[in-house]
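Good morning, colleagues. Please look at the sequence and the model on the screen while I go through its pockets, its surface and one of its charge pairs.

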Amino acid sequence: MSAITDFFQKIQNQILEIQTTINQIKTSWENFQKFWDLFFTLVPWEVLLLLIFSVILLSIFNSVSPKTPKANLTIAILLLSALWIYFWGLFSKEVSYGKVIFASLYILVPVHAFGLFQILYLFGKKLYWNKRRIQPKTWDSALHQLSLDYHQLLGKAHLYHEEIQENRGSLRKEIEQMERSIAGIKSLLFQEKQSQIENPEGI
């Protein structure tokens, strides 16, 4: 009798193991579906296809010009986008240019994000220092900036004294910066003169 009970117990345990395995497979499949649903929510299938074909073209372009991978990828995406619009127009009356542009930018923006950030940073830095040169807040900062610009100009003038014509652009840039610093000092002088006119007795 105990042997029969053990036999049925083993069968029941095996059935439970099979059910557990099926539930695990079902859970894994549901998680897999959720992952891909989330993935295609974040990355549209058009972007994925464009990326796959652009990687194929990129390998061809890199074999011709291996030192310019970003430019090669940009050309590949622009070329594929143009072909996409062309063939879409052949088989459909309405072409969604916004969808093509969105898919292209989805890839191109991350690729060029660092370069764009560098350009914006350098542009902002240039604006900031130009403003500090033209509109200094104190005499100390104005004189310090003029001194820096003067020594920078003098150093480059000595460095390029045998190649002045070849380096005119660099020297002209240093002179323009020094002129801005001088304009800043003039603005401080004008402010002091105005304050003296408005308050001659220092009251």
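Predicted model: local features only at pLDDT ≥ 70, side-chain atom pairs only at ≥ 80, totals over all residues.

How much space lies in the largest pocket? About 280 Å³. A pocket here is an open set of points on a 1 Å grid over the protein atoms alone, where a 1.4 Å probe fits, with protein on both sides within 12 Å along at least five of seven lines; lining residues have an atom within 4 Å of a point. The volume is the space filled by probe spheres set on the points, which are joined across faces, edges and corners.

Residues are numbered from 1 along each chain as its sequence is written, and side-chain values use heavy atoms, with hydrogens and water left out.

Among the residues lining the largest pocket are Trp129, Arg133, Gln145 and Arg180. Helices α4 (97–134) and α6 (168–198) each supply at least two lining residues; helices are DSSP runs of H or I, at least four residues long, numbered from the N terminus. The largest share, six residues, comes from α4. By class, this lining has two nonpolar, three polar and six charged residues.

The second largest pocket holds about 170 Å³. Its lining includes Trp45, Glu46, Phe53 and Trp84, and α2 gives the most, with five residues. Here the classes are seven nonpolar, no polar and one charged. In this scheme Ala, Val, Leu, Ile, Met, Phe, Trp, Tyr, Cys and Pro count as nonpolar, Asp, Glu, Lys and Arg as charged, and the others, Gly among them, as polar.

Trp45, in helix α2, also belongs to a nonpolar surface patch with Leu49, Ile52, Phe53, Ile56 and Ile60, about 600 Å² of accessible area together. Patch residues have over 30% relative accessible area and no salt bridge, and nonpolar side chains are joined within 5 Å; areas come from the Shrake-Rupley method with a 1.4 Å probe, and only the protein chains shown count as cover.

Finally, the whole structure has three salt bridges, each a side-chain nitrogen of Lys or Arg within 4 Å of a carboxyl oxygen of Asp or Glu. In one of them, Lys99 meets Glu46 at 3.6 Å, N to O. That pair links distant parts of the chain, helix α4 and helix α2, 53 residues apart.

Definitions and conventions. Patch = residues over 30% accessible without salt bridge, like charges linked within 9 Å, V, L, I, M, F, W, Y side chains within 5 Å.
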